[in-house]
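Subject: Structure for your files, with notes

Hello,

The structure is below, and my notes on it follow. Please read them with the model open.

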Amino acid sequence: MTQEEDIAAEAAAETHGPTHSGFVALIGPTNAGKSTLVNRLVGAKVSIVSHKVQTTRAIVRGIAIHDNAQIVFMDTPGIFKPRRRLDRAMVTSAWGGAKDADLIMLLIDSERGLRGDAEAILEGLKEVRQPKILVLNKIDRVNREDLLALAASANDKIAFESTFMISAENGSGCDDVMDYLAATLPEGSWYYPEDQISDLPMRQLAAEITREKLFLRLHQELPYSSHVETEKWEERKDGSVRIEQVIYVERDSQKKIALGKGGETIKAISTASRKELSEILEQQVHLFLFVKVRENWGDDPERFREMGLDFPK
């Protein structure tokens with residue numbers, strides 16, 4: 001580095017101050033809007049969103065820069081009462097992410113309030129030492145008096161450092177959250193390059209995009225246990241990419257649903273996924289989807305490893 005560059009770097013440090021960085025675990029009940037909020041705060045699609053509960057299966061890290069801070073959001077699976085092995089793995093992953101973070105952000109759906117899983121999460125948080133903030137989402141659907149009562153009730157149960165009221169859908173209140181995090185996270189070097197927005201490998205992100213389109217199209221008909229894997233990724237000489245993915249289901253009847261009459265459903269899913277992948281990759285995408293039956297894949301440890309989950313005994 002030249003003397004001029006040294007002087008410029010010192011001047012920039014004096015002007016902008018020290019850098020901050022840290023991990024923020026976003027936890028909450030299913031369908032509270034965690035993935036929508038992470039995408040909003042990062043400013044790009046890093047986590048899939050659908051109407052189906054427990055869409056997020058493993059921890060997805062979205063990386064945002066705000067002021068001098070690099071904020072690494074850990075979008076955890078929704079916490080709920082587990083019934084199956086996959087459920088148990090997801091809930092364990094969510095609590096593990098919370099305990100590994102510098103700060104925990106509890107997201108509550110203001111319409112649902114503290115009913116059901118939210119109460120259990122508040123009890124679980126009492127055992128977690130990290131500082132915690134409360135974020136009430138979907139405030140545009142609830143009157144102010146009810147919001148204030150909800151905030152007071154939650155703060156009676158847990159000593160939150162701060163409380164925010166936001167709408168992840170339209171962005172209201174999100175700047176206040178970012179300002180707080182940027183100022184609160186510890187001083188330190190950034191963990192990732194400035195232009196990186198996620199730690200998810202592109203092959204896995206592509207599979208997640210297709211899984212999102214699958215759920216959006218068939219969230220009523222197709223069971224939650226369907227799974228998508230990217231099996232082939234070929235960069236072509238003309239600058240395009242050929243991607244082959246397999247949608248795994250557990251029964252032949254589910255395969256027929258995923259394919260649709262005359263292949264109509266799988267074509268629609270492929271079209272929607274290809275369009276979004278082309279925008280993300282900024283190159284032409286040739287996407288080929290196949291549907292295969294893999295019975296009881298939810299009991300296969302290898303599938304859990306591919307999803308970034310520990311296989312529960």
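I begin with helix α5, which lies across β4, β5 and β6 and runs at about 155 degrees to β5. Helices here are DSSP runs of H or I with at least four residues, strands are runs of E with at least two, and both are numbered from the N terminus. Contact means heavy atoms within 4.5 Å. Axes are lines fitted to C-alpha atoms, for helices over the stretch in contact, and angles run from 0 to 180 degrees between N-to-C directions.

Some notes on provenance. This is a predicted model, in which local features need pLDDT of at least 70 and side-chain atom pairs count only at pLDDT 80 or more, while totals for chains, interfaces and linings use all residues. Residues are numbered from 1 along each chain as its sequence is written, and side-chain values use heavy atoms, with hydrogens and water left out.

Overall

The secondary structure of the protein comes to 10 helices and nine strands. Of its 313 residues, 50% count as buried; buried means under 20% relative accessible area, exposed means over 50%, and partly exposed is in between (1.4 Å probe, protein chains only). Among contacts between residues at least 6 apart in sequence, 71% join residues at least 24 apart.

The six-stranded sheet

Six strands form an open sheet in the order β2-β3-β1-β4-β5-β6, and the pairing is mixed. Two strands are taken to pair if DSSP finds at least two bridges between them. The edge strands, β2 (60-66) and β6 (162-165), each pair on one side only. Ignoring direction, neighbouring strands of this sheet are turned by 25 degrees against each other on average.

Strand β4 (residues 103-109) and β5 run parallel and are joined by six bridges. L106 stands opposite L134 in β5.

Helix α2 also belongs in this part of the description: α2 lies across β1 (20-27), β2, β3 (69-75) and β4, at about 160 degrees to β3. S35 lies in α2, which covers residues 34-42. With a relative accessible area of 10%, S35 is buried. The C-alpha atoms of S35 and V46 are 8.2 Å apart, the two residues being 11 apart along the chain.

K138 is found in the loop between β5 (132-137) and α5 (144-157). K138 counts as buried because its relative accessibility is 17%. Leaving aside residues up to four places away in sequence, K138 touches N31, A32, D109, S110, E111, I166 and S167.

The three-stranded sheet

The order in this open sheet is β7-β8-β9, with mixed pairing among its three strands. Its edge strands are β7 (227-235) and β9, each of which pairs on one side only. From one strand to the next, the twist averages 20 degrees. β7 pairs with strand β8 (residues 241-249) in the antiparallel sense, over eight bridges. E235 stands opposite V241 in β8.

Two helices pack on this sheet. α7 touches β7, β8 and β9, and its direction makes about 130 degrees with that of β7. α9 touches β7, β8 and β9 as well, and its direction makes about 140 degrees with that of β9.

K292 is in strand β9 (residues 285-293). Its relative accessible area is 39%, so K292 is partly exposed. K292 touches E231, V246, I247, Y248 and V249, not counting residues up to four places away in sequence.

The α7 and α9 pair

How do these two helices pack? Helix α7 (residues 202-218) and helix α9 (residues 264-281) meet at an angle of about 140 degrees, with their axes 9 Å apart. α7 is therefore oblique to α9; angles under 35 degrees count as roughly parallel, over 145 as roughly antiparallel, 65 to 115 as roughly perpendicular, and the rest as oblique.

From α7, the residues making the contact include M202, A206, I209 and L218, and from α9 they include A268, I269, A272 and L281. By class, the contact has 11 nonpolar, three polar and five charged residues. Ala, Val, Leu, Ile, Met, Phe, Trp, Tyr, Cys and Pro count as nonpolar, Asp, Glu, Lys and Arg as charged, and the others, Gly among them, as polar.

Regards
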